[in-house]
Structure formats: C-alpha cells, structure tokens
Amino acid sequence: MGVTRRDHLSGEGHPVYRDRVPLTPGPARLTLRQARRIALLAQGFGRRRPVTVTQQHLLATARRTGITQIDSVNVLSRSHYLPSFARLGPYDRALLDGLRDGRGPSGRRTRHRLVEYWAHEASLVPVEDWALYGFRMRRARDEAWGGMRAVAREHPGLVEAVQETVRAQGPMTAVEVEAALEHAEEVGSEQWGWNWSLVKAACEHLFWAGELTSAGRNAQFARLYAVPETVLPAEVLARGPVGERPLPDEEAFVALVEAGARAHGIGTLRCFRDHARLKVRQARPALERLVADGVLREVEVPGWSRPGTPVYLHRDAPRPRPVGVRTLLSPFDPVVWQRERAEALFGFAYRIGIYTPAEQRVHGYYVLPFLLGDELVARVDLKADRQAGVLRAPTVHTEPGAPAETEAELHAALAEMAGWLGLDAVDAAPARPNPEA
C-alpha cells in the first residue's frame, strides 16, 4: 500500500508517491508548445490570481514548486520572494517570512511551515520534506564545502561548543554564537579564542549535517540557527538522519526525483535530478523505478527529445491548455533554473549577468526573463532604486518572434512590480532586439 508524497514520513519501506492506476495509454508524442504549457501549468501558472494573497496561498505555491531558492543579492528584491509574486501577484512579503519564521498573519507564534536547507542551493523547503535530505546530512563530513569539513575535522571542540550554545540559548545568529563563546572565555570557562569565520563555519557544518536547522532570519537577513527539535515536528525528526526511523537513501532519492518530476510536469532526467541537485547515480535508479511503477512515462517531444536523452511525463501532469500569464521571473525561478531546459523548452539561452564580468555583459547585471503566455519573449535588467523610489530597467531586449504587444505588456508588468516593491515610478529603456539571437 503506497502513501501520499506528503505522508512519506510515516511509511516504512513504501513507495513515496501516490497509489494510482498506472498511466492509461495516451499520446506518446507532444509538441514543444504542449510541453511548455504542461511545464508552466505544473509550476502553478495559468491559475486565477487570488484577490487577496494569504499565507495558505503562499504555502500552496511553495509546496507546488517544492523548493524555493534563496540568494543574497538584493538589487531588486530577495529572490525567494519573486516566485510567489510571479504566480500570485502582489502580496505582503511578511506573510512569506512568517511561514519561514513560525509566525501567523497577526504576528503570533505558530508552527514553522517552511525551513531552510541545501536543497537546490540554499533553499526554503516545506518542513515535511526536511527528512528527505537526510542522505545529504549524513555525508556532511565528506561532501560539505571545504571550510565546513575542515572545522569539523580540525576543531571538534568548537563544533560541540557551538551546538551546545545554540541548544542553551538559541535561536541565534552566528554573530550571537561568537559573542556568547567570547563571553564564556571572558568569564574564564574555556579559552576558545575562535574568530568569527570558524564559528560561522561550525554553524554551517552543523546546519549541513542536520544537527542544527534554521528558525528563520533576522531583520538583517542573517540565519537564526536552532536545534531541530525546536522547529520540526516529531514525525519529521523521527525520519531524519539520526531519528528513530531514518528514511533510507533509496527512498529519499525516489521521493526527490518524483518531487522534481511533479514540480516540472515534464522533463529529462537532468531536469528532475537538478531539482534537488542529485547525482546521476542517485537519480537514475529512482527514475527507472518511477517509470516501472507507472508514475513517469517516456514521451517524444520533437525539438527536445534526442537519442540518449528521453523526456518523461509525470502521470499527474496537467493537460496542456493556453496559459494566460504576464510576469517577470526571478533568475532563480524553477522555470529557468536549469539553463539547458530553458533553452530546449523556450529557445531562451539565458545568463543572469551578475557572474559575468561587466565588459562581457550583453543584457545587463540582474536580468529577469519576461513570460508572456507560454513564451519567454524578453529579458530586462532591473534595479530597485529605493532612494529615488524608481524601478529602473536600463536595458530591455526582446526575443525573435516576440508579439507586437510585448513592450506594452512588459510596461504593465513593470508597473505592477514597482507597486509591489513600494516604488513610485518606472524608468525603462526602449526595447531593442536581442543582439545574441
């Protein structure tokens, strides 16, 4: 007997996807446009926007996409706010913070609904999915970044002291942990003398290993470290890396590949494994099991499918239909996470710009794709000039075949974004054709 994906933590060796009759025969061939529509609908586009966005809408969106990537760049807005804006329209960002920080709409304390972990890079994931990353947590000493591995190997006493300090005083930022340890030295308990970088590395090692988690962020966007039992429900902890019934690695891989396939609707092995940054050796057997069990089936998509790189359709993927959408996408939106997928589906060769030397940039610094209908029709370099109260778009480039209404629709989308960000005006350069097309 299988269990729903959201109930996998209570299962013992059961499939982590929903029990259903295997896929009924259907078209084995889809056009590229149909594939695009499936992908966008699976991501939550094409739905009627709510009049007022609530925490429930935001949580449903976070669960639909599965993973919300975090990035520190704030030239426009913190990137984790943008996917919900793209799908739901303007909303109060404090509501999303509340899901992460354990606060309800009125500010009262409540259960944490989202928690941070290294999923697709630094990410917010639904609390119930935290245990799926136990395989990664158990490998922290071997696979975490170098500084984290080094502090665990060379300074085990510090790591233990950091964990005990957070247990006694947390939730805390790394700076607060450092100050607490320095205070301990001043009153003569232990001669630590650790600098901030080592304390931060110890916090991050414990976070990667699942021995600490995040209770949210402070006003300066610094992570608040906490022991997992203060944030996560007992049933999640039980299936975690050191819980009573830890989730086997193979079950976690199946769950994560299925989650990637459900979030994308359609895609290749690379699309699905990139969702949670799985290795090929972890993801391929999981995908084969999902195919054997009828959760995924291979389809042909001319222009995308090719020998050795089959395309798979999730059995719960929405049927393709027109997608009435006009929105700007974060550079870290799941629609464009995997650049090869974006180019195959949309013919959109994309670079964000922030990692490119200034003299080599073509489209700007912080470049957002513009989604109109089921096409990526333009790209816009955006900056929130908060002091002047202006949303600035110094460069705007349209894609070949962009419809005549692209610039007008883009200006409407920019005006909506400016209002959401609390800016009074938009200053956008005239659109020019993409010089790389």
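Predicted model: local features only at pLDDT ≥ 70, side-chain atom pairs only at ≥ 80, totals over all residues.
The protein chain contains 16 helices and 14 strands. Its radius of gyration is 23 Å, close to the 22 Å that the globule rule gives for 437 residues, so the chain is as compact as a globular protein of that length. Along the principal axes, the C-alpha atoms occupy a box of roughly 75 × 60 × 45 Å. Of the 437 residues, 56% are buried. The chain exposes about 18,900 Å², and carbon and sulfur atoms supply 50% of that area. Among contacts with a separation of 6 or more, 65% are between residues 24 or more positions apart.

Two strands pair with S3. One is S1, residues 68–69, which runs antiparallel to S3 and is joined to it over 2 bridges. Within this pairing, Gln 69 has Ser 123 of S3 as its bridge partner. The other is S2, residues 114–119, also antiparallel to S3, with 6 bridges between them. Here Val 115 stands opposite Val 125 of S3. S2 and S3 make a hairpin, and 1 residue lies between the two strands. In a regular strand, side chains alternate between the two faces of the sheet.

Helix H4 spans residues 93–101 and is mostly covered, 7 of its 9 residues being buried. The buried residues in H4 are Leu 95, Leu 96, Asp 97, Gly 98, Leu 99, Arg 100 and Asp 101. That list holds leucines and a glycine, and also Asp 97, Arg 100 and Asp 101. What covers these buried residues includes S2 and S3, along with helix H2 (55–65) and strand S4 (213–217).

Between S7 and strand S8 (residues 311–314) the antiparallel pairing extends over 4 bridges. Arg 297 stands opposite Leu 313 in S8.

The aromatic rings give another view of how parts of the chain meet. A pair of aromatic rings is described by the distance of the centres and the angle of the planes. The count comes to 10 aromatic pairs. In one of these, the rings of Phe 85 and Trp 420 have their centres 4.3 Å apart and their planes at 10°; the pair is stacked because planes under 30 degrees apart count as such. Phe 85 belongs to helix H3 (residues 82–88) and Trp 420 to helix H16 (residues 406–420), so this pair ties together parts that are 335 residues apart in sequence. Both partners are covered: Phe 85 is buried at 2% relative accessibility, and Trp 420 is buried at 8%. Elsewhere, ring pairs link Tyr 117, Tyr 133, Phe 207 and Tyr 225 into a cluster.

Next come the cysteines. A search of the whole structure finds 0 disulfides. Cys 203 has a relative accessibility of 0%, and since buried means under 20%, Cys 203 counts as buried. Cys 271 is also buried, with a relative accessible area of 2%.

The last stop is Ala 431, in strand S14 (residues 431–433). Is Ala 431 buried or partly exposed? Its relative accessibility is 24%, so Ala 431 counts as partly exposed. Leaving out residues up to four places away in sequence, Ala 431 touches Val 396, Thr 398 and Glu 407. Thr 406 is 25 residues from Ala 431 along the chain, and the C-alpha atoms of the two are separated by 9.3 Å.

Technical notes: Residues numbered from 1 in each chain as written. Heavy atoms only, no water. Pairing = 2+ DSSP bridges. Disulfide = S-S within 2.5 Å. Buried < 20%, exposed > 50% of the residue type's maximum accessible area, 1.4 Å probe, protein only. Contact = heavy atoms within 4.5 Å. Rg over C-alpha atoms; globule rule 2.2 N^0.38 Å. Areas by Shrake-Rupley, 256 points an atom, 1.4 Å probe, with all protein chains shown as cover. Phe/Tyr/Trp six-rings, centres within 6.5 Å; stacked < 30°, edge-to-face > 60°.
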